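Here is a walk through one protein model. Keep the structure open as you read.

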Amino acid sequence: MEIWWRALTFQLGYNTSLVTLGTMLLGAGAGMIGTFILLRKRSLVSDAISHATLPGLALAFILVGLVQGDGRWLPALLVGAAGSAAFGLWAVQRISERTRLGEDAAIGSVLSTFFAFGVVLITVIQSMSVTGQAGLTGYLVGATAGMVAAEAQLIALCALGVLLAIVVMRRDFLMVCFDADFARTQGVHTGRIDLAMLALLMVVVVIGLKVTGLILIVALTIIPPVTARFWTDRPLHMVILAALLGILAGYLGVTLSSVAEGLPTGPLIVLAAFSLFFVSFLCSARRGVLASLLAHQRFRRRVHLRQGLLAVARDEPIFDNLTLRILQRRGYLRRDGVPTPPGRAAARDAEHEERLWALYRERQPEDALQQEHSGLTPIASVLSPDAIMTLEAELPPSATQEARR
């Protein structure tokens, strides 16, 4: 337990604490920019960018290795990855704009081509007489455990810069994501905003190579925003929540990796993000599975109650066991099936409500089509008192009232 406490409270050493903070900043930036990319419906672009970094990474390693004998110099590798990713992003846009192929087909073509070229370059690197070839493969799945202090500082600074840029540009990003035409009328250059959005995404992907690897960095830009979507409908709240979820995923992943020896940090970060997604998927009060099941059960009970009361009002027999149980629990029906006085009163009200709805649909068919009437919505919550009084005045006597006369 002591090592767990030390890991959770940043007491496992300077380098581990720096890696944890850098990863948390990266998670925040990835969650925030990923939210805008998700709202812009371009989540697959992050996948293309991440795979397009591999050839630039390998080429930078080759050039640095030929110059100084060891290709593992992080600034040069990040520059090479960024250049290759920018070229891949440009290729996706040009293919989708100048050909009849859709953006998904362009992404698939660029992703597979660039990644295949990168794998070929890695094979070439393995045959070169330079040091550091083994460390290059860590960029595929991340190599946080082998990160030195200088690398962690660089990643933390880059992540903080991305975070600040997103905070400054969040308003323009949201306008372009939801209504690009309106943004143009407000003087926003949508092309430049789109380019800035993709540039920040590219920076997040590039600086995340050392943390989660080019294969898994996509998860940090997609999973936190999707998880945040379960909890809120407001865009800014979604951005903030996605950032917090990214921070928590990075914190949990690095902490688990520092405690459990031999487990890779990148996959643990992604698994932590997925765990948060799965909990939200089940337990979200808005869109969670459990909430949906409970809402369905409540709706089902309301339907059975309504149909049961209408059957009581019309003196029809009730054979459905669930309907009988619901009416008995409400005190509307006795065990022998005879309606109670409160049950008859509720049945008269239900029948009267149903007749008002039927008359409203007959008199105002166009307006009625816009109302979600399933026999469960009180008409008083939809129509004004004056409209209801007009319907009451036109309402003919029911069959039950005629029989009583």
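**Surface patches and a helix**

Arg-301 sits in helix H14. The model is a predicted one. Start at this arginine and look around it. Arg-301 is partly exposed, at a relative accessible area of 38%. Patch members must have over 30% relative accessible area and no salt bridge. Arg-301 belongs to a positive surface patch, together with Arg-298, Arg-300, Arg-325 and Arg-329.

H14 spans 289–313 and H15 spans 321–329, and each supplies at least two of the patch residues. The most comes from H14, which gives three residues.

Now turn to the nonpolar side of the surface. Val-120 lies in helix H5. Val-120 has 47% relative accessibility, so the residue counts as partly exposed. A nonpolar surface patch is formed by Val-120 with Leu-59, Phe-117 and Val-124. Together these four have about 330 Å² of accessible area. Helix H5, residues 103–126, is the main contributor, with three residues. An α-helix has 3.6 residues a turn, so residues three or four places apart point the same way.

Last, go to helix H13. This helix runs over residues 265–283 and has 19 residues. From first C-alpha to last, H13 reaches 27 Å, close to the 27 Å expected at 1.5 Å a residue. Which residues of H13 are buried? They are Thr-265, Gly-266, Leu-268, Ile-269, Val-270, Ala-272, Ala-273, Leu-276 and Ser-280. Buried here means under 20% relative accessible area.

Key
Residues numbered from 1 in each chain as written. Predicted model: local features only at pLDDT ≥ 70, side-chain atom pairs only at ≥ 80, totals over all residues. Heavy atoms only, no water. Patch = residues over 30% accessible without salt bridge, like charges linked within 9 Å, V, L, I, M, F, W, Y side chains within 5 Å. Areas by Shrake-Rupley, 256 points an atom, 1.4 Å probe, with all protein chains shown as cover. Salt bridge = Lys/Arg side-chain N within 4 Å of Asp/Glu carboxyl O. Lys, Arg positive; Asp, Glu negative; His and termini not counted. Charge placed at Lys NZ, Arg CZ, Asp CG, Glu CD. Helix = DSSP H or I, 4+ residues; strand = E, 2+ residues; numbered from the N terminus. Buried < 20%, exposed > 50% of the residue type's maximum accessible area, 1.4 Å probe, protein only. Expected span 1.5 Å × (residues − 1).
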